[in-house]
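Here is a short briefing to read beside the structure. Keep the 3D view open and find each part as it comes up.

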Amino acid sequence: MRTVGISLFLYIFSCLSARSDSVYLSIEDLLLQGEEFADNDQFSDSLKVLNQAMGLLKQAPRSHSLRLETEKLIRVVKGRSLVARYRGGNVNAYTDPNALLPLSQETRDFKIIQLLGKVLARKVWDSRDELQVGEFIGLGRRITVLPKGGIELTTSSKDNITLRSLQAASFDVVDNSRFSLHSGSYVIHSMADYTQISIMSPLVDLVISSTEPFAFMAGVTTNGGIKVISLLGEIKMSTEDYKTSLVPGELSFALPDGFSRKMNVELSTLIVTSNLLTDFKQPPVFLKKLRQQAMMQALRTRKRFRTVVGDVRGSENFELKVLEDERP
């Protein structure tokens, strides 16, 4: 009798677990559908789908990864909808899938050099759901990095620009040195003597340039701005009305009303805590120089806090988490 009771319990538990897994799978499908609606500028349809996903997540903890991702996507889609209205865009526009070009005509502008998990390619040519290392991506593509996914691209031209993104992101490769970042975090670098890159978020258009090899991190904030951390080389940043510059270890938020005050980030902490630097099989080509910058920064700074900088709450307010210092 006891054996029957245990078997019944295990059966019920397995059924509940299977049901829970199926719910989370359906939520992931809704998130993907919501992103595709947003990619076609169907923002109202996108929000309906994302709100449906939130309804399924009402009982999930507020810290659940899917709930956090859904809330983030809703904020991003609302921001893009406002931008479309502000710029006179047609928020009800729809791209007919039948108008897409065949894959045989896709240009070879960016090469995939590293890949993790699931990454999708949309727009211009037929959709690609199974990207592979060594394949090429043409200009105008919308790249969607799903949770637990990652991609690193490099230009096929002499521009020598490389971009990597990880764990839920969406961006367009507009041309060889211009990227439209809709959501997520990125590392962008160039080993050329002079490079100029344009990155656009839902509310900010930013030009970054340097007269030496450089690298920086960029992340789209919840208010549509861009968080930038310089990793290598001095970079100059400018919007239509504002300018600033960053040296390795400095962080600033690019916002619609200008740049936030600068703050220092400990590079040695960043090297070991940033998934963008650690999760890919091959480390960034500039990692050795980045470690040298971290040592130079440590020698310059006697007293410092090991912190992780989160989102922005205004031009003067940031989310900061101070890490416990385990060093003697």
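The mean pLDDT of the protein chain is 81, and 77% of the residues reach 70 or more. This is a predicted model. The chain has six helices and 20 strands.

**Confidence along the chain**

- Where pLDDT is low, the predicted coordinates should not be read in detail.

**The whole chain**

- The protein chain has 328 residues, and 47% of them count as buried.
- Take the contacts with a separation of 6 or more: 48% of them join residues 24 or more positions apart.
- The accessible surface comes to about 17600 Å². Carbon and sulfur atoms account for 53% of that surface.

**Nonpolar cores**

- The largest nonpolar core has 35 residues. Ile-151, Phe-171, Ile-199 and Leu-206 have the most contacts inside it.
- Strand S12, residues 214-220, gives this core its largest share, four residues.
- A second, separate core has 22 residues. Among them are Ala-215, Ile-229, Leu-255 and Phe-280.

**The eight-stranded sheet**

- In what order do the eight strands of the open sheet lie? The order is S2-S4-S7-S8-S10-S11-S14-S15, and the pairing is mixed.
- The edge strands are S2 (119-122) and S15, and each pairs on one side only.
- From one strand to the next, the twist averages 25°.

**Pairs inside the sheet**

- Strand S4 (residues 142-145) runs antiparallel to strand S7 (residues 169-175), and four bridges join them. Arg-142 has Asp-172 in S7 as its bridge partner.
- Strand S10 (residues 195-200) and S11 are also antiparallel, with six bridges between them. A hairpin of four residues links S10 to S11.
- Ile-199 stands opposite Leu-206 in S11. Both residues are listed among those with the most contacts inside the largest core.

- S14 covers residues 235-238. Which residues are on its covered face, and which on its uncovered one? Ile-235 and Met-237 make up the covered face. Lys-236 and Ser-238 make up the uncovered face.
- On one side, S14 is joined by three bridges to strand S11 (residues 205-210), and the two run antiparallel. Here Ser-209 stands opposite Lys-236.
- S14 also pairs with strand S15 (residues 243-246), in the antiparallel sense and over four bridges. Ile-235 has Leu-246 in S15 as its bridge partner.
- S14 and S15 form a hairpin, with four residues between them.

**A histidine to look at: His-189**

- His-189 lies in strand S9, which spans residues 185-190.
- Is His-189 buried or exposed? His-189 is buried, because its relative accessible area is 6% and the cut-off for buried is under 20%.
- Leave aside the neighbours within four places in sequence. His-189 is then in contact with Asn-160, Ile-161, Thr-162, Phe-214, Ala-215, Val-285 and Phe-286.
- One of these contacts, Ala-215, is included in the second core.

**Two residues with a positive phi**

- Most residues other than glycine have a negative phi. Two residues here go the other way.
- Val-124 is not a glycine, yet its phi is positive, at about 65°. Val-124 sits in the loop between S2 and strand S3 (136-137). With a relative accessible area of 31%, Val-124 is partly exposed.
- Gln-167 is not a glycine either, and its phi is about 60°. Where is Gln-167 found? Gln-167 is in the loop between strand S6 (161-166) and S7. Its relative accessibility is 40%, so Gln-167 counts as partly exposed.

Terms used:
Residues are numbered from 1 along each chain as its sequence is written. This is a predicted model: local features need pLDDT of at least 70, side-chain atom pairs count only at pLDDT 80 or more; totals for chains, interfaces and linings use all residues. Side-chain values use heavy atoms; hydrogens and water are left out. Buried means under 20% relative accessible area, exposed over 50%, partly exposed in between (1.4 Å probe, protein chains only). Contact means heavy atoms within 4.5 Å. Accessible areas come from the Shrake-Rupley method with a 1.4 Å probe; for residues, only the protein chains shown count as cover. A nonpolar core is a set of buried Ala, Val, Leu, Ile, Met, Phe, Trp, Tyr and Cys residues joined through side-chain atoms within 4.5 Å. pLDDT is the predictor's confidence in each residue, from 0 to 100. Two strands pair if DSSP finds at least two bridges between them. Axes are lines fitted to C-alpha atoms, for helices over the stretch in contact, and angles run from 0 to 180 degrees between N-to-C directions.
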